[in-house]
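Hi,

Here is the structure I promised to pass on.

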Amino acid sequence: MKTAVVIGASGQIGRPVVQALARDGWAVTAASRGGARDAAWDEGVRTVRLDRAEGTALAAVVGDGCDLLVDVVAYDAGHARQVTGLAGRIGSAVVISSVSVYEDGAGRGFDTMGEPDGFPDYPVPVPETQPTVAPGEATYSSRKAALERELLARGAGLPVTILRAGAVHGPYSPLPRELYFVRRNLDGRRDRVLAYRGESRFHPASARNIAELVRLAAARPGSRVLNACDGQAPTVAGIGAAIDAVMGVETRTAHLDGPPAGSVGQTPWSVPRPVVCDMSAAERELGYRPVVSYAESLPETVEWLTGALHGRDWREAFPLLAQAYPDLFDYAAEDAWRTA
């Protein structure tokens, strides 16, 4: 039986990755800071505590070696060196990166979104050959770029698949974009406002589809960079309609032709230009087919969000989302806009 170690196993992506590998016949060691076990995992999954910042802790978990190392939470060049430093003891690696590394032809990327005309103008769809931002330590995007650069430069002799994930969705998300519609429906808000005519597209990536890509890459070790997204990139209006269908509600939507008016019309998907990734390389190289569509994934996400909100303020339940979008539920501003 082939052996696999998954770093970040208790997180949103790590949980289905462990499950997919175990189902595929791998003997999996699930490593996380708390050493938690998911009820959905096979009984044969081994759990261990891991704080990768503790010197040789990762090497100790790998022990005499493993056939596969999956790093779900790698963040920078230092983490890349931890992985490549084990080259003689692991057969191959799969590391999760982000589509935020992409840069357009004018030097714009995710880091320039807040600047005047700073939103990138990517080709539709974005291929893996699209230029990336300069590696560095200053931002999430530059650190992910540094992670990739280090893996590709130092990974000689170690097959490494880098997966650039889109807008990750599913249960256990620290930044659940779907909350925008779910909480409004729970609050009885049947009127909503969407910027950019509700046509914004920000390619989603189900954690279950990312897990499928990990499973396929594990079976076909190689050095490659692939986009990791769902099969379709719905509009924000389409996402709202799909969530409404799951929750059994009817809503009315007003549209702004352009950007949000302050907080009015703003959603976690509201972008002036599309971010849609090309998945043909994953299909060609790995035989990738999404295991779930966006709409099919929603029932478990809605159920999880509803439970997470029960008796709690949304900011307490999802502090990272509240930090990124502090005015996500500014109902007073929406009401004032409608009556203006």
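Let's start with helices 1 and 6. Pro16, Val17, Ala20 and Leu21 of helix 1 touch Ala207, Arg208, Ala211, Val214, Arg215 and Ala218 of helix 6, where contact means heavy atoms within 4.5 Å. Sorted by class, this contact of helix 1 with helix 6 has eight nonpolar, no polar and two charged residues. Here Ala, Val, Leu, Ile, Met, Phe, Trp, Tyr, Cys and Pro count as nonpolar, Asp, Glu, Lys and Arg as charged, and the others, Gly among them, as polar.

Before going on, a word on what you are looking at. This is a predicted model, in which local features need pLDDT of at least 70 and side-chain atom pairs count only at pLDDT 80 or more, while totals for chains, interfaces and linings use all residues. Residues are numbered from 1 along each chain as its sequence is written, and side-chain values use heavy atoms, with hydrogens and water left out. Helices (H or I, at least four residues) and strands (E, at least two) are DSSP runs, numbered from the N terminus.

How do helix 1 and helix 6 cross? The axes of helix 1 (residues 14-23) and helix 6 (residues 207-219) come within 8 Å and cross at roughly 40 degrees. That makes helix 1 oblique to helix 6; angles under 35 degrees count as roughly parallel, over 145 as roughly antiparallel, 65 to 115 as roughly perpendicular and the rest as oblique. Axes are lines fitted to C-alpha atoms, for helices over the stretch in contact, and angles run from 0 to 180 degrees between N-to-C directions.

Helix 5 and helix 7 (residues 236-247) have axes that come within 10 Å and cross at roughly 45 degrees, so helix 5 and helix 7 are oblique to each other too. The residues in contact are Phe181, Val182, Asn185 and Leu186 from helix 5, with Val236, Ile239, Gly240, Ile243, Asp244 and Met247 from helix 7. By class, that contact of helix 5 with helix 7 has seven nonpolar, two polar and one charged residues.

Now for the rings. How many aromatic pairs does a search of the whole structure find? There are eight aromatic pairs. Rings of Phe, Tyr and Trp (its six-membered ring) pair if their centres lie within 6.5 Å; planes under 30 degrees apart count as stacked, over 60 as edge-to-face and the rest as tilted. One of the pairs is Phe110 with Phe202, edge-to-face at 5.9 Å centre to centre and 85 degrees between the planes. Phe110 sits in the loop between strand 5 (90-98) and helix 4 (140-154), and Phe202 in the loop between strand 8 (191-194) and strand 9 (204-206), so the pair ties together parts 92 residues apart in sequence. Phe110 counts as buried at 18% relative accessibility, and Phe202 counts as buried at 10% (buried means under 20% relative accessible area, exposed over 50%, partly exposed in between, with a 1.4 Å probe and protein chains only).

Tyr172 and Trp304 make a tilted pair, with ring centres 5.9 Å apart and planes at 45 degrees. Ring pairs link Tyr172, Trp304 and Phe318 into a cluster.

Most residues other than glycine have a negative phi, and most peptide bonds are trans. The peptide bond from Val124 to Pro125 is cis, though, and Tyr196 has a positive phi near 55 degrees.

Cheers
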